[in-house]
Amino acid sequence: NNIWQYCLDHTTNLPNNLNEIVRETQEKIHGSQMISDKIITSLLQFFIFSTQAKICVDVGTYTGHSAVAMAEIAPKAKIYTLDRFKQVGWEVAREYIKKYPNIEYVEGDAIDMLGDLPDNIDIAFIDADKKQTQLYFDILIDKMADTGIIIVDDVLWRGEVIDPQNRRAKVLDDFNKYINSRKDVSNLVLPIRHGVNIIRKNKES
């Protein structure tokens, strides 16, 4: 709509290489609408910058856009990006990720691999198989730094979580309710694009 376009027009442009990933994804890769847009990517970078993140995790590499965005804003941070072996978009991802020595591209089942990541993760971005979202979260929350932040994308699933009629919408509605019911975390759901859920640990009293 008009106000969304206004926000896009008045938000700082992303670096050229991120725009190149978007263009190449749109030209070559099935499901290009899955790539994070300018607002979500900028939000992710703001959190990484403001927390001075040292360890970042990107669950759902796709064509590498989010991982490269992390590396651009935090060139000294260690970034782990995870996706299934030869998942859609992997060739584009490899092409761009190889330019960033601080990104480690891990291929396989994230459920199996997340537990092997280091502790004290500062920022985690979950944008992968929606049906596994809660499993990804449950593994990551125990590995986050005390000030760590988990950002989960697509949590409103095109607005369908209000009255879920398909499995993805139901899973994401259940996830949002699950997060909101936990006493050890605080969260903020924002209606940006398809929705983001921003989650942090509560301070121990």
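Student: Which β-α-β unit do β4, helix α7 and β5 make, right-handed or left-handed?
Tutor: This is a predicted model, where local features need pLDDT of at least 70, side-chain atom pairs count only at pLDDT 80 or more, and totals for chains, interfaces and linings use all residues. Residues are numbered from 1 along each chain as its sequence is written, and side-chain values use heavy atoms, with hydrogens and water left out. Helices (H or I, at least four residues) and strands (E, at least two) are DSSP runs, numbered from the N terminus. A crossover is right-handed if, with the strands pointing away from the viewer, the path from the first strand over the helix to the second runs clockwise; the unit of β4, α7 (residues 133-141) and β5 is right-handed.

Student: In which sense do β5 and strand β7 pair, parallel or antiparallel?
Tutor: Strands pair if DSSP finds at least two bridges between them. β5 joins β7 (residues 196-201) over five bridges. Asp153 stands opposite Val196 in β7. The sense is antiparallel.

Student: Which residue in β5 does Phe125 stand opposite?
Tutor: Strand β4 (residues 121-126) pairs with β5 in the parallel sense, over five bridges. Opposite Phe125 stands Ile151.

Student: How many of the 10 residues of strand β5 are buried?
Tutor: Buried means under 20% relative accessible area, exposed over 50%, partly exposed in between (1.4 Å probe, protein chains only). Strand β5 (residues 144-153) is mostly covered. The buried count is eight.

Student: With which residue does Lys28 form a salt bridge?
Tutor: A salt bridge puts a side-chain nitrogen of Lys or Arg within 4 Å of a carboxyl oxygen of Asp or Glu. Here the closest N and O atoms are 2.8 Å apart. Both residues lie in helix α2, four residues apart, about one turn of the helix. The partner of Lys28 is Glu24.

Student: Which residue meets Asp173 in a salt bridge?
Tutor: The N to O distance is 3.0 Å. Both residues lie in helix α8 (residues 167-181), four residues apart.

Student: What is the N to O distance in the salt bridge of Lys130 and Asp127?
Tutor: Lys130 is buried, and so is Asp127. Their side chains meet at 2.9 Å.
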